[in-house]
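Subject: Structure handover

Hello,

The structure is pasted below. My notes on the strands and helices follow it.

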Amino acid sequence: MNIHEYQAKALLRSYGAPVSDGRAVLRAEEIKAAAGELDGPVWVVKAQIHAGGRGKGKFKEADAGEKGGVRVTKSVGEAEAEAKAMLGRTLVTHQTGPAGKQVNRIFIEDGADIAKEFYLALLVDRGSSRVSFVASTEGGMDIEEVAAETPDKILSFSVDPATGYLPFHGRRIAFSLGLEGKQVKQCVALMGTLYKLFLEKDMEMLEINPLVLTGAGDLVCLDAKMGFDGNAVYRHPDIAELRDTSEEDPKELEASKFDLNYIALDGEIGCMVNGAGLAMATMDIIKLYGSEPANFLDVGGGATKEKVTEAFKIITSDPQVKGILVNIFGGIMRCDVIAEGVVAAVKEVGLTVPLVVRLEGTNVAEGKRIINESDVDVIAADDLKDGAEKIVAAVKG
């Protein structure tokens with residue numbers, strides 16, 4: 001689960017991390033009053049969407065102006081005008097894709113006297129199952145670009161959970177960023193604060209880009225992105241309240257209501273599979289035979305007929321889907337349940353694209369009987385390879 005910048009900064013502030021003063025607004029009539037509460041003399045107006053690259057982004061609408069989603073202004077009136085120009089418009093960045101995201105929230109904050117910009121992140125290192133720090137002197141840039149062109153400018157290390165965060169971790173970061181004097185002490189304290197926040201709120205990612213050094217020699221978190229472990233949000237009602245469902249894919253949102261593991265992709269073949277590993281293998285073999293998966297969908301081991309029906313509805317609601325591959329290896333998940341769900345879903349929502357079904361495992365004979373005796377137009381597959389070849393051929397030809 002992701003949250004907006006202004007929400008992330010409120011969390012940082014609650015833990016004592018240094019952030020600029022700012023106000024979030026959702027309606028145009030609130031903008032002037034919000035900007036007037038800040039000291040200035042510079043007001044930074046930021047579009048709030050769940051995507052990076054806002055400053056370099058472009059709005060689809062001409063009346064939003066030629067500037068990106070982050071604009072520096074020098075008066076309350078100018079801040080109000082720029083905020084109104086962005087609110088309700090669609091911002092396209094390298095992370096949103098060509099469709100972009102509608103800006104429903106604006107964040108206005110005091111400008112900062114920036115002397116230097118750094119990159120900082122805390123992540124879960126899946127290889128070591130530890131929390132890792134990532135720091136770079138190249139703040140304000142895409143870290144992927146820095147990693148590709150100047151990897152020597154990135155410091156990365158994990159923290160041993162047996163010891164937790166220790167001051168030497170912060171000093172290591174401070175020295176890599178070229179900090180000195182009081183800045184080193186600030187860095188040590190800030191890294192400890194961020195590590196504590198990361199663990200206590202069950203985060204998956206905390207990115208500060210840029211972390212800036214001001215003209216006065218102080219460190220300030222100028223931007224913030226946070227992602228939380230969706231499986232742990234139930235332990236944090238305060239975090240759950242920050243969820244903005246308007247930023248989520250409608251299909252993924254609908255899938256979450258039925259406890260389905262669904263992620264929308266850009267391909268043309270919809271997939272319904274049981275088990276995350278089998279789902280990944282199914283997507284891989286679709287690519288191997290020359291097409292692209294339209295989604296990741298794991299119905300799980302305890303799926304019911306109703307859940308399978310809803311999963312099928314979600315797949316067919318995607319206008320990009322030109323074919324569907326159902327790949328079930330029945331263990332806990334019974335093939336007859338999948339078959340009943342597929343037949344019920346096809347009868348309820350209709351079927352306008354090719355459907356290939358591969359069933360194997362528990363109650364496979366009964367599952368095949370249910371499909372074969374129905375009036376559903378299904379292409380049967382003997383195994384995964386056969387299924388992938390048939391659905392790709394049906395879509396392509």
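In what order do the 3 strands of the open sheet stand? The order is β3-β5-β6, with antiparallel pairing. Strands are DSSP runs of E with at least two residues, helices are runs of H or I with at least four, and both are numbered from the N terminus; two strands pair if DSSP finds at least two bridges between them. Strands β3 (58–59) and β6 (101–102) are at the edges with a single partner strand each, so one side of each has no neighbour in the sheet. Strand β5 (residues 90–92) is joined to β6 by 2 bridges, and Thr 90 is opposite Gln 102 in β6.

This is a predicted model: local features need pLDDT of at least 70, side-chain atom pairs count only at pLDDT 80 or more, and totals for chains, interfaces and linings use all residues. Residues are numbered from 1 along each chain as its sequence is written, and side-chain values use heavy atoms, leaving out hydrogens and water.

Another open sheet has 4 strands in the order β1-β7-β2-β4, again with antiparallel pairing. Its edge strands, β1 (22–25) and β4 (70–73), each pair on one side only. From one strand to the next, the twist averages 20° (axes are lines fitted to C-alpha atoms, for helices over the stretch in contact; angles run from 0 to 180 degrees between N-to-C directions). Between β1 and β7 (residues 106–110) there are 4 bridges; Ala 24 has Phe 107 as its bridge partner in β7.

Helix α1 (residues 5–14) lies across β1, β2 (43–47) and β7, at about 45° to β7. Helix α3 (residues 76–86) lies across β2, β4 and β7, at about 5° to β2.

Regards

How values were computed: Contact means heavy atoms within 4.5 Å.
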